[in-house]
Amino acid sequence: MKLKEGSFLWYLYLDKLYCLLSVRNVKALVEYFHLLDVHHNNTLNDVLFYHFLHHVTNLNRRQIMIVFNMLDWNAMGEIAFDQFYMLVCILLAQQNHLEEQFIFRHSRPVFELLDLDGEMKIGPENFHMYNFLFNIKKQELRELYSDFDVTGDCRLNYKEFKLFTIFTMDKYQEMKKAEKEKEKEREDSA
């Protein structure tokens, strides 16, 4: 998934540590949300949502509707600003290659979004359905369930999911540290 260059979201800044927007960016996003809300209900229906995501991303119709259904957790056929804000943060995290950081920092809301049936457990099909949002590869998914499914039921509860996020974040930080060391070695040798 990519944000389209020049779209409104292209100009928002996502804090790299906390994966949140600044107050100034949130104010701008609220105004943008109100512009999109042509019915003045403080919500976006599926048609408005589709046109918004179609305009700012390269997601196809099926993917957009999957995202809408994920965010419309109360099945009212519309999403409010809270869900819209979460979506924008997910999109910006992906654009900035901060998916691991985002999942780690917001593990509870991400878990609740992935828990489609409200059973407080998520299966591999949940991850597979949303892999275009979180960039979780099939091999990583197999490792995830073999390493972190402590209960052995092929579904992760929140504690198992949190362990996964901590492990993923550690792996991400080690990778960044190794990249910095390689860069420093290149600078020293030059």
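Predicted model: local features only at pLDDT ≥ 70, side-chain atom pairs only at ≥ 80, totals over all residues.
Figure 1. The space in the second largest pocket amounts to about 300 Å³. A total of 14 residues line the second largest pocket, and those closest to its centre are Met70, Leu71, Trp73, Glu112 and Leu113.

**Figure 2. Elements and domains around the second largest pocket.** Two or more residues of the lining of the second largest pocket come from each of helix 3 (61-71), helix 4 (81-95) and helix 6 (107-114). Domain 1 (8-94) and domain 2 (101-189) each contribute at least three residues to the lining of the second largest pocket.

**Figure 3. The largest pocket and the residues nearest its centre.** The largest pocket holds about 450 Å³ of space. Its lining is made up of 20 residues, and Glu100, Asn135, Glu140, Thr168 and Lys171 lie nearest the centre of the largest pocket. By residue class, the lining of the largest pocket contains 9 nonpolar, 3 polar and 8 charged residues.

**Figure 4. Helices that line the largest pocket.** At least two residues of the lining of the largest pocket are supplied by each of helix 5 (99-105), helix 9 (138-148) and helix 10 (158-189). Helix 10 gives the most to this lining, with 7 residues.

Terms used. Residues numbered from 1 in each chain as written. Heavy atoms only, no water. 1 Å grid on protein atoms, 1.4 Å probe; cavity = no way out; pocket = protein on both sides within 12 Å on 5 of 7 lines; lining within 4 Å. Points joined across faces, edges and corners; volume = space filled by probe spheres on them. Helix = DSSP H or I, 4+ residues; strand = E, 2+ residues; numbered from the N terminus. Nonpolar A, V, L, I, M, F, W, Y, C, P; charged D, E, K, R; others polar. Domains from an automatic or database assignment.
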